[in-house]
Amino acid sequence: MTRIKRGYIARKRRKKIRLFTSSFRGAHSRLTRTITQQKIKALVSAHRDRDRKKRDFRGLWISRINAVIRENPKVYCIYSNLIYNIYTRQLLLNRKIVAQIAILKENCLFMIANHIIKTKNPRRRYFGKV
Amino acid sequence: MATATVSTLSATFGTHCAISHNPKSQFSQPFNLNRFPSPSHSHSSNLTFSPRLPLSPLPKSTESALAQTQTQTLSPDPQSPNWEPGLFAVVMIGSRQYIVHPGRWIVVQRLKGANVNDKIALHKVLLVGTDTSCYIGQPIVTNAVVYATVEEQGLDPKVIVFKYKKKKHYRRTIGHRQPNTRLRINSIMGYENYPKVTMDDLNLDDTQSEDSQS
């Protein structure tokens with residue numbers, strides 16, 4: 001076999017990985033072996049958290065809607081009541097939109113809540129105070 | 001509220017400023033402040049789209065939308081009509097919902113068959129609101145249409161899909177760029193005849209006793 005020096009093949013490969021890890025803290029951006037490990041962990045976390053992100057945001061929206069709805073003195077309502085009324089009154093707004101409206105245009109949300117809770121719903125199965 | 005202040009800014013500055021500076025800032029949608037290119041005169045066919053893309057509830061990053069400082073002065077295009085202050089609509093595109101303001105752009109899932117500078121009419125309008133009133137769609141606001149123009153059919157930034165099983169010598173690397181479409185919202189129309197709810201109803205109910213409700 002002819003003799004082959006490895007030259008800078010390994011260095012070229014590691015340079016790309018080092019670029020990826022360039023903003024990490026401490027040894028995770030300096031030492032070669034830890035760099036490869038940290039890149040793997042980072043990509044795995046990103047992959048897993050892309051799905052997590054969807055769940056996290058939904059929880060955040062729910063918390064926000066609940067907070068805004070409970071606190072206002074104009075409409076007496078809580079999150080579960082609001083969602084129940086949204087479904088029975090056939091509104092298609094999802095939690096993301098309702099949360100955004102709750103933060104940016106509270107009056108609009110109170111108008112919606114007021115409308116769907118206080119006006120009589122032909123579809124309601126029971127009558128009485130909510 | 002932030003949007004209310006923006007709309008009042010536009011009302012006062014409209015008569016004064018003629019030039020609107022548009023920094024091409026590419027931060028995230030949907031509350032982007034890029035507004036008003038030269039009106040597109042290419043009258044391609046009116047395409048009506050019903051959302052037919054698969055369910056992918058990818059949330060828009062609400063954090064960046066909230067952190068955005070809306071301090072730019074906005075001057076309405078002299079050729080476009082004056083909208084009611086704080087006009088917005090909630091529209092469903094590609095089974096995702098977006099809050100839409102006339103004159104701003106949003107990025108949605110790729111709409112197949114839409115070429116650049118096509119006019120699009122979006123019929124799934126779930127809510128139309130202004131500063132003082134809102135039209136609540138059950139489930140949609142009938143006859144309300146949101147007109148938009150396709151600005152660009154591009155790709156999202158690349159995402160590396162990395163599959164890895166530890167201690168089993170298995171790793172796969174795939175790069176993925178999701179196709180998207182950028183729409184410039186032209187107008188929101190057709191909602192005037194729908195029953196609307198105003199702040200007066202809210203305050204009126206306050207003064208009445210709670211026992212009088214159903």
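User: Which residues of helix 4 of chain A are buried?

Analyst: Happy to start there, with the reminder that this is a predicted model. The buried residues of helix 4 of chain A are Arg95(A), Lys96(A), Ile97(A), Val98(A), Ala99(A), Gln100(A), Ile101(A), Ala102(A) and Leu104(A).

User: What makes helix 4 of chain A "mostly covered"?

Analyst: The helix spans residues 95-104, and nine of its 10 residues are buried. To count as buried, a residue must have under 20% relative accessible area.

User: Why is helix 4 of chain A called oblique to helix 5 of chain A?

Analyst: Let's set the value against the cut-offs. Helix 4 and helix 5 (residues 106-118) of chain A pack at an angle of about 120°, with their axes 5 Å apart. Roughly perpendicular covers 65 to 115 degrees and roughly antiparallel begins over 145, so an angle between those ranges counts as oblique. Therefore helix 4 of chain A is oblique to helix 5 of chain A.

User: Which residues make that contact between helix 4 and helix 5 of chain A?

Analyst: Helix 4 of chain A contributes Val98(A), Ile101(A), Ala102(A), Ile103(A) and Leu104(A), while helix 5 of chain A brings Glu106(A), Cys108(A) and Leu109(A). Sorted by kind, the residues of this contact are seven nonpolar, no polar and one charged.

User: What does chain A look like as a whole?

Analyst: Chain A has five helices and zero strands, so its elements read α-α-α-α-α from the N terminus on. Of its 130 residues, 36% are buried. Chain A exposes about 8700 Å², with carbon and sulfur atoms supplying 54% of that area.

User: Why is Asn81(A) called partly exposed?

Analyst: Its relative accessibility is 22%. Buried requires under 20% and exposed requires over 50%, so a value in between is partly exposed. That is why Asn81(A) counts as partly exposed. Asn81(A) sits in helix 3 (residues 79-88) of chain A. Its C-alpha atom is separated by 9.6 Å from that of Ala113(A), 32 residues apart along the chain.

User: Now for chain B. How do you know that strand 3 of chain B is mostly covered?

Analyst: Strand 3 of chain B takes in residues 96-100, and five of its five residues are buried. Arg96(B), Tyr98(B) and Val100(B) point one way, Gln97(B) and Ile99(B) point the other way, and all are buried. In a regular strand, side chains alternate between the two faces of the sheet.

User: What makes strand 2 and strand 3 of chain B a pair?

Analyst: Two strands pair if there are at least two bridges between them. Strand 2 (residues 88-93) and strand 3 of chain B run antiparallel and are joined by five bridges, so they meet that cut-off.

User: Why is His169(B) called exposed?

Analyst: Exposed means over 50% relative accessible area. His169(B) has 82%, so it is exposed. His169(B) lies in the loop between strand 9 (159-165) and strand 10 (170-176) of chain B, and its phi is near 60°, a positive value in a residue other than glycine.

User: Which peptide bond is cis?

Analyst: The bond joining Gln138(B) and Pro139(B) is cis, with omega about -15°. Pro139(B) is in the loop between strand 7 and strand 8 (145-155) of chain B. For background, most peptide bonds are trans.

Terms used:
Residues are numbered from 1 along each chain as its sequence is written. Chains are lettered from A and ligands numbered from 1 in the order in which they are written. This is a predicted model: local features need pLDDT of at least 70, side-chain atom pairs count only at pLDDT 80 or more; totals for chains, interfaces and linings use all residues. Side-chain values use heavy atoms; hydrogens and water are left out. Buried means under 20% relative accessible area, exposed over 50%, partly exposed in between (1.4 Å probe, protein chains only). Helices (H or I, at least four residues) and strands (E, at least two) are DSSP runs, numbered from the N terminus. Axes are lines fitted to C-alpha atoms, for helices over the stretch in contact, and angles run from 0 to 180 degrees between N-to-C directions. Angles under 35 degrees count as roughly parallel, over 145 as roughly antiparallel, 65 to 115 as roughly perpendicular and the rest as oblique. Contact means heavy atoms within 4.5 Å. Ala, Val, Leu, Ile, Met, Phe, Trp, Tyr, Cys and Pro count as nonpolar, Asp, Glu, Lys and Arg as charged, and the others, Gly among them, as polar. Accessible areas come from the Shrake-Rupley method with a 1.4 Å probe; for residues, only the protein chains shown count as cover.
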